[in-house]
Amino acid sequence: MPNVKCDYCHNEFEINLQKRTIERDIELAFFVCPHCEHEYHSFYTNSKIRTRHNKINELWAKARTASNNYRVKQIIRRINELVQQNKDEMNRLRERYEASN
């Protein structure tokens with residue numbers, strides 16, 4: 001993974017993505033600058049998002065083995081729907097938890 005430059009201390013470092021539970025089933029993915037210890041929030045997930053993410057992975061596996069283009073298109077359409085639902089939910093979580101900081 002390429003290095004990133006900290007917005008605060010301007011040192012370069014490699015991202016080490018970490019996760020922590022912040023409330024019931026809400027997880028925060030984040031990384032920390034090892035030089036100044038500034039914490040960067042990457043994204044928030046909940047059980048619905050994680051379940052949909054697993055379903056997306058299953059659907060991609062099905063799409064790779066599908067026997068015809070029509071079936072592949074159906075699967076990809078469903079994947080896109082699930083991805084959009086996850087984006088919407090992740091944005092909602094970000095607004096909720098970052099507004100409270």
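## A walk from the largest pocket to the cysteines

The largest pocket has a volume of about 200 Å³, where a pocket is an open set of points on a 1 Å grid over the protein atoms alone, with a 1.4 Å probe fitting at each point and protein on both sides within 12 Å along at least five of seven lines. The volume is the space filled by probe spheres set on the points, which are joined across faces, edges and corners. The model is predicted, so local features need pLDDT of at least 70 and side-chain atom pairs count only at pLDDT 80 or more, while totals for chains, interfaces and linings use all residues. Residues are numbered from 1 along each chain as its sequence is written, and side-chain values use heavy atoms, with hydrogens and water left out.

The lining of this largest pocket consists of 14 residues, of which F43, T45, I49, H53 and M90 are the closest to its centre; a lining residue has an atom within 4 Å of a point. At least two lining residues come from each of β4 (26-32), β5 (39-45), α1 (47-65) and α2 (69-99), the helices being DSSP runs of H or I with at least four residues and the strands runs of E with at least two, numbered from the N terminus. Sorted by class, the lining of the largest pocket holds seven nonpolar, three polar and four charged residues, with Ala, Val, Leu, Ile, Met, Phe, Trp, Tyr, Cys and Pro counted as nonpolar, Asp, Glu, Lys and Arg as charged, and the others, Gly among them, as polar.

Leaving aside neighbours within four places in sequence, R52 is in contact with L82, Q85, N86 and E89, contact meaning heavy atoms within 4.5 Å. The C-alpha atoms of R52 and L82 are separated by 6.3 Å, although the two residues are 30 residues apart along the chain.

N86, which has its place in helix α2, is likewise buried, with a relative accessible area of 7%. Its contacts, again leaving aside neighbours within four places in sequence, are K48, I49, R52, H53 and I56. V83 also has its place in helix α2, but at 30% relative accessibility V83 counts as partly exposed. V83 and I49 are 34 residues apart in sequence, and their C-alpha atoms are 9.2 Å apart in space.

The aromatic side chains come next. A search of the whole structure finds four aromatic pairs, in which rings of Phe, Tyr and Trp (its six-membered ring) have centres within 6.5 Å, and in which planes under 30 degrees apart count as stacked, over 60 as edge-to-face and the rest as tilted. Y8 and Y40 form a tilted pair, at 6.4 Å centre to centre and with 55° between the planes. This pair links distant parts of the chain, for Y8 lies in the loop between β1 (3-5) and β2 (12-14) and Y40 in strand β5, 32 residues apart. Y8 counts as exposed at 54% relative accessibility, whereas Y40 is buried, with a relative accessible area of 15%. The rings of F31 and Y40 have their centres 5.1 Å apart and their planes at 15°, so this pair is stacked. F31 and Y40 are both buried, and ring pairs link Y8, F13, F31 and Y40 into a cluster.

Two loop residues deserve a look at the backbone. H10 lies in the loop between β1 and β2, and its phi is near 70°, a positive value in a residue other than glycine. E37, found in the loop between β4 and β5, also has a positive phi for a residue other than glycine, near 65°, and E37 is exposed, with a relative accessible area of 63%.

What of the cysteines? A disulfide is a covalent bond between the sulfur atoms of two cysteines. A search of the whole structure finds zero disulfides, a disulfide being a pair of cysteine sulfur atoms within 2.5 Å. C9 is in no disulfide, and the nearest cysteine sulfur, that of C33, is 3.6 Å away; C9 is partly exposed, with a relative accessible area of 24%. C36 is in no disulfide either, the nearest cysteine sulfur being that of C6, 3.6 Å away, and C36 is partly exposed, with a relative accessible area of 32%.

Methods
Buried < 20%, exposed > 50% of the residue type's maximum accessible area, 1.4 Å probe, protein only.
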